[in-house]
Every structure is written in structure tokens, then in C-alpha cells.
Amino acid sequence: MSILKPSLLLGALASLSLVDAHGYVTGIVADGQYHGGYLVDSYPYTNTPPDVVAWSSGATDLGFVDGSGYSSPDIICHRSSEPGALSAEVAAGGSIELQWTEWPESHHGPVIDYLANCNGDCSSVDKTQLKFFKISEAGLIDGSSPPGNWASDDLIRNNQSWTLTIPESVAPGNYVLRHEIIALHSAGDNNGAQNYPQCFNLKITGSGTQNPEGVLGTSLYTNTDPGIKIGIYQPLASYEIPGPALIGGGDSNPAPTAAPTEAPTEAPEAPTEAPIIEVPTEAPPAPTEPAVPSYSAVPFPPTETTTVVEQPPVVTKTMTTIVRPTDAQPTGTQPTATQPTNPQPTPPGTLPGDGCPKNNVGPVELDLDSMTTTELRDLAFNALQRLFTPRRQARRHSRQFGEA
Ligand SMILES: *[C@@H]1O[C@H](CO)[C@@H](O)[C@H](O)[C@H]1NC(C)=O
């Protein structure tokens, strides 16, 4: 501890500042109709939580399931998950939008959706018997500039939401939709990939006839799958999305939003001196989707400052412009009365980061030597504030709910 370089300490704090609570799905819009989700930061502490279409979750730390749980029922619909009481109706060929709370930008990875036929009432189905088939998948959009541009980055750009299409060919019936982000920021380590599954009951209507076989939730992945055990801090030419093959008529890799028109001619190499904040570059909106106003919920505390660092002239031309997504307020419609606003996740009885021991291995590198004193001060201030604010919230929560 005697010779701790101040820059190392600051670097650690800077990456710590990215450790915000992980997200969860607060609600879905099925063919235009909003259905509230399972609010994991409040329903577990309520005597009679409302009936919802979402499956419950015991992941009150907003944590994940990793490779050590791929053969346990936790991987099916998240930890200690139980079926939702209701179902959302959607026509085959129709759309489902899943609305997440803020997703941490360091948690790059694929977004995958499955269906499993309940062969009856989903609200009383045995999850260990459900057989899932993949209806939609999106993974690496551009891997030339590590850690790459991923489906999860699209989700963030799209107001923390994900929209998928129910294949028109799927036979009508009661299904469980299994929606999942897999965060790969630590996936170079054994069991380092983090799965964040969420389930919802759907009543699919229509005249489709396809009834794919599917695989048990506990057979979806192994911890050595090429798309599970993978280091993303290197240029990647391709990425193999894990899980069983997409069914015919499924949705594969929605329109890339940031494909560069010309690839860099030199192999990207990390300049040793250049300041790097590895955040997604501003990308044009997907051509197939309506423009969504840049909306980037400001993580608490709302004093986001000085996170944009200009490139110095020494940066090689393989480096892309470093622009942090703006923290502009939404210019579109404000949340309506029928939709709950994203609640600030209150870490109940646990400290943020508990569920994510490895995410300090983040992609942040800062050249502190080239930052101004003001930038350094603000950086440290932000990092410390983020470090302590959640602890205060956790203590307040403990007092309120009488937890140890
Ligand atoms: C963003 O999503 C939230 C729901 O998660 C919604 O209430 C809000 O209106 C959306 N904002 C924009 C600009 O679309």
C-alpha cells in the first residue's frame, strides 16, 4: 500500500464508477398493449404483489447466473423464478418490446429470445419441463474496435428497450418468452459470462403451424461454448451466438446500427499513450426503426460530468472518435400514466456490485496524465460519490425493512 500510484487508484475508482446496478425488465409492450413486469426491487418486499405477465425473480441483487448454474433451474428464468399469473396476448407476426431499466454500458453482449410451449396453462407450468426454441438473436455488430459494438449497445441506444417479432409461423398457444442478455465483459475468464434471463407468459394467436421441439432450459448452454467463453478486449471478426440454432423464420441480428463503411486498413492496436474511454460511439439510428430521441438515463447521482476526453493528435487513425452518449434528457414523450417510470433500483440489503464481483475488470482506461486538474477532480468526486451513495441507500433500506 505504500507505493500506490495515484493514477492507479484513480483508475480503479473510475472503473468502479461504471459499476451501477444491473437492469431488469420493468414491463413489456405486446402488440401495442403495455403489461407491467415483476418489479424485483419492490415486489419481493410486498405482501401481495400484483399479478403480472412476468415470472417472479429472486435475484433481488439484480445479479446474474453464470456458467456454474447452466445446469441448474436458475438459468431457466432467473434465480428462484416462479411463473407469472397472467399472459400477454400477441399475434404471431406481432411484436414484443421489452423495457429495461438502465443497462450498464460495460456489459456488452448478445440479446437472445426463446419461446417454450406451455402445452396448457403457463401460470402453473413446471419450468424444468419447458423446452425452448430460439426465435430471435443478435450478437456482435462490429468487433473491429474492442470491446466491440454489441446488441446490448443497441438496446441502450434504443432507450434501454428491445423489440422482437414473434415469428408468423409459430402455432397459436400459451408460451413462455425467455428474453436474455449475456454480458461478456468478463467472459474471458472461466464462468465469467453473466446471463440475465427474464421470462414472460404469452398467449400467441394466429394460424401458424410450426411447433419446434426446443431444448430444456438447463441444456441451453455450456460454459465452454465459443460464445460464452470469449475475451472481448481484442478485435473480433465474428461471434457465435450461443444456444440452439434459430428456428426457420426467426429474427437474426437486427439491422446493424454502426457498421463502418470503410474498415481501418491497419490492424487496430492499442496506443500506449492515448486516452481511451471505451464507450460506444454515437451511431445512427437503425434504418428499420423509428428514430428514438437520444435518451440516456443519468445514473445516480445526476451529476455526470467530465467524462468526455478529447483525443490528442497522437491517436492513430484506427481509433474512432470517442464520444460518450449524451446525457440529454428525452426530447420525446414523457412516460405516460399507463407506464411506470423506471424506478431507481434500490439495492435491498446488499451493496451494488455484490452480484457482479468481476465487473471491475472493466474496459475503462484513462490517460490521467493528460487530464486537467479539474477533470481529475471531477472524476474522483464522481467515483467517490457513486461509491458511497449506494451504501447510504442500502443503509436507509435496511432501516426501512429491518434487514441486517
Ligand atoms: C423510454 O422508455 C420508457 C419506459 O422504459 C418510456 O416510459 C419512455 O417514454 C421512453 N422514452 C422515449 C423517449 O421513448
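Colleague: Let us begin with strand pairing. Which residue is the bridge partner of Val29 in β2?

Modeller: A word of caution to begin with: the model is predicted. As for the general idea, strands of a sheet pair through backbone hydrogen bonds, in either a parallel or an antiparallel arrangement. In the present case, Val29 has Tyr34 as its bridge partner in β2. Likewise, Ala30 is bridged to Gln33 in β2. The pairing of β1 (residues 25–30) with β2 is antiparallel and spans four bridges.

Colleague: How many residues lie between β1 and β2 in the hairpin?

Modeller: Two residues lie between the strands of this hairpin, and Asp31 in the turn has a positive phi of about 50°.

Colleague: With which strand does β1 pair over five bridges?

Modeller: That partner is β4 (residues 95–100), again in the antiparallel sense. Within β4, Leu98 stands opposite Ile28.

Colleague: In what order do the four strands of the open sheet stand?

Modeller: The order is β2-β1-β4-β9, with antiparallel pairing. The edges are taken by β2 (33–36) and β9 (161–165); each has a single partner strand, so one side of each lacks a neighbour in the sheet. From one strand to the next, the twist averages 20°.

Colleague: I turn now to disulfides. How many disulfides does the count come to?

Modeller: A pair of cysteine sulfur atoms is counted if the two lie within 2.5 Å, and the count here comes to two disulfides. One of them joins Cys77 and Cys199, with the sulfur atoms 2.0 Å apart.

Colleague: Why is the disulfide of Cys77 and Cys199 left-handed?

Modeller: The handedness follows from the torsion about the S-S bond: for Cys77 and Cys199 it is about -85°, so the disulfide is left-handed. For Cys118 and Cys122 the torsion is about 105°, so that disulfide is right-handed.

Colleague: Are the cysteines Cys118 and Cys122 buried or exposed?

Modeller: Both Cys118 and Cys122 are buried. Cys77 counts as buried at 2% relative accessibility, and Cys199 counts as buried at 2% as well. With the bonded cysteines numbered in sequence order, the pairing reads 1-4, 2-3.

Colleague: Finally, how many aromatic pairs does the count come to?

Modeller: A pair of aromatic rings is described by the distance between the centres and the angle between the planes. The count comes to eight aromatic pairs. Among them, Tyr38 and Tyr43 form an edge-to-face pair, 5.5 Å centre to centre with 85° between the planes. Tyr38 and Tyr43 are both buried. Another edge-to-face pair is that of Tyr114 and Phe132, at 6.5 Å centre to centre and 75° between the planes. This pair links distant parts of the chain, with Tyr114 in strand β5 (residues 111–117) and Phe132 in strand β6 (residues 131–138), 18 residues apart. Tyr114 is buried at a relative accessible area of 0%, and Phe132 is buried at 0% too.

Colleague: Which residues do ring pairs link into a cluster?

Modeller: The cluster consists of Phe64, Trp100, Trp103 and Tyr196.

Definitions and conventions. Residues are numbered from 1 along each chain as its sequence is written. This is a predicted model: local features need pLDDT of at least 70, side-chain atom pairs count only at pLDDT 80 or more; totals for chains, interfaces and linings use all residues. Side-chain values use heavy atoms; hydrogens and water are left out. Buried means under 20% relative accessible area, exposed over 50%, partly exposed in between (1.4 Å probe, protein chains only). Two strands pair if DSSP finds at least two bridges between them. Axes are lines fitted to C-alpha atoms, for helices over the stretch in contact, and angles run from 0 to 180 degrees between N-to-C directions. Rings of Phe, Tyr and Trp (its six-membered ring) pair if their centres lie within 6.5 Å; planes under 30 degrees apart count as stacked, over 60 as edge-to-face and the rest as tilted.
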